[in-house]
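Visitor: Can you walk me through this one? Let's begin with the contacts.

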Amino acid sequence: MSVGGDIGVWSVLLAIVGSALRVSTPYLFVSLGETLTEKSGRINLGLEGTLMMGAMSGYAVALGTGSPWLGVLGAGVTGAAFGLLHAGLCSLPRVNDIAVGIALFIFGTGFAVYLGKPLVHPVAPRLPDIDLGFWSSLPSLRAALQVNALLIIGILLAPAMLWILHNTRWGLKLRTVGDSADAARALGYSINGVRATATAIGGFFAGVGGAFLSLYYPGAWTENLSSGQGLMAVTLVIFARWNPINCVFAALLFGGASALGPALQAVGITSNYYLYGAAPYVLTLVLLIRTSSTKHRLFGAPSELSINK
Amino acid sequence: MTKQHNRTRRQILIGSGSLMAAGSFLAAAPRPVFATPMTVGFIYEGSKDDFGWNQSHAVGARKIAKETGAKLVEQEKVPETADVERVMESMIQLDGAQVLFPTSFGYWPFILKLAAKYPKVLFVHAGGLWKQGDPANVISYRGYMEEPHYCCGIAAGMMTKTNKIGFVGPKPLYFIFNNCNGFTLGARSVNPKVTSLIIITGDWANPVKDADAVNNLVDQGCDVIISDSDAPKVSIETAERRGVHSCGYHTDLSSLAPKGFVTGAEWNWAKGADFVKAWQTGGKYPNLLIGGFKQDLVAISPFGRSVPDAVKSAVLKARDGFTNDTLKLYHGPLKDNEDHLVLKEGEVIANDDSAFKTKVNFLVEGTQGQTGLKKQ
């Protein structure tokens, strides 16, 4: 189409960057939290439900107190409670963490919708924008670079988490529990205690990711608010090889890929939009297959994870 | 889960799209006349305050109850499965409902099943699927939403400063393209310089994708947006945040955008009051009713605060044009956006020509985008 050309290419790129920055935060928070949980040797597949509970409770608290940041905190606390529920159930003998996760996924989504019924109409205060594009006079560039503090917190959190995992006593303990429960038991560590802490922190992060959905982007409480972000983030953890820094790139890449469809259509390239819609999933699949091996387990995978046993 | 059901709802509609051409049939089966106030049951697939399809029916339900004096019973979140059969039977047997409004498209096969079993109950379905041979105690009705989209387009064409307006569509289906064409034709009827941009999200309602589509359209310079998402709440709020004008869909969404709201394309399900009255008094009723403003099946939302009087009167004039059938949506000469002549000079498509409308696979001149559908 004639609308293509130089400006078209640039505006597509700009739209993808802007969209990646807007969309990726929930993926980032959920995958950071899940990295921590999985490092302790447990999988929490219920994060989609935690995300919805976080989104709902964050919206409710922000509405009640008038402060979106208190909403984020409330969402985190709800998420942590859900994490503890998962950890509590999994600490019982012969309970499978994947099955508990799926149950909590369905329960959390349904419960959030049930409790969130009166929240559809009122409008809660929204988290503020940070204008990273203040130096530019291009309105589309400024719009693309308008981000939220949570994204920046999430990006800073990643190296902090990596450092904690590798340089602190608690990090070592967590990795020991995740790599060999027998060794940890021999050292006198409370395996369930460590895993409960890790799952609760993971739940806290997922709750915050949910608050981002309801309080910033798209910034409303609706019943179908989450469209698989919580579940995809679990895949992103594997994709990121349980490395928090990689989680940042995985989340941004996934966010950018999901922006391809609307960005191309906006400049007039409208054929094959279903294909572009599938792009992030195809990308994840291709990268997972490319990096898989039949000879050894995934590099970085905690050996206590039930998928590795 | 909601999405799943919605899809079924539409799939059924597409499958039977050709049936919509059938026009309306009148039925006059002998039946008892009810003296006491009737009980009317409404069944929703989602929640009735979703700022979308379900809310439009809930609004209609209240108007029907008020107009006919009927008692209203309601149930939300009824899946398009055998569940709806149980809900309908319980409304008939326990609540004594004499008229049922199962509002989701995918309820259709269950309606047909129960209608044969309960001939003394009237079943009113939103969809336009009834055909000769279906039970006489069933009504299927639906509105031509492209007409109110045309009205929104007029407002958009007059209010845009960038001469670019945006349309967010959920799926590449004929009625979505009709709506988009209505929007574009309306805008270009008052401002030939207008280009409309279309984005298809691929999901009936996906808040993140809806918001992203609106953001992309605004980034491309669109300053009036309409979103045909099943839950347009997020699109309207995003447009408001970006400081552009927005038009609603399904029901009155003016409260979501106090600054930028223009008007909106609405269903007028309250038309169902006529059916309730006819059923109560033993009068005649149509089994199939598809129409626009003329048949009183669609409406426009109250104008937003920012709308100038000149725009209001132009929009209302177009609405009256549809109502008295002097204004036709599709008339020649009409080109599509690939420079093919669709209608020759002097060719006119009647507003209730469902056969033409269900076959729409083109976007009119001035639209940037493609339908992705095969051309004949």
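Guide: Across the interface of chain A and chain B, 15 residue pairs are in polar contact, both at pLDDT 80 or more. Such a contact is a pair of N or O atoms within 3.5 Å; within protein, one must be able to donate a hydrogen and the other to accept it, and residues adjacent in sequence count only if both atoms are side-chain atoms. This is a predicted model: local features need pLDDT of at least 70, side-chain atom pairs pLDDT 80 or more, while totals for chains, interfaces and linings use all residues. Residues are numbered from 1 along each chain as written, chains are lettered from A in the order written, and side-chain values use heavy atoms, without hydrogens and water.

Visitor: Which helix of chain A gives the largest share of the side touching chain B?

Guide: Helix 1, with five residues. Helices here are DSSP runs (H or I, at least four residues), numbered from the N terminus.

Visitor: How many salt bridges between chain A and chain B?

Guide: Three, counting a side-chain nitrogen of Lys or Arg within 4 Å of a carboxyl oxygen of Asp or Glu. One of them pairs Arg22(A) with Asp212(B), closest N and O atoms 3.7 Å apart.

Visitor: And how much area do chain A and chain B bury?

Guide: About 3,200 Å², 50% of it on carbon and sulfur atoms. That is accessible area (1.4 Å probe) lost on putting the two parts together, summed over both.

Visitor: New topic. How many disulfides?

Guide: Zero, over all chains; the cut-off is a pair of cysteine sulfur atoms within 2.5 Å.

Key
Helices (H or I, at least four residues) and strands (E, at least two) are DSSP runs, numbered from the N terminus.
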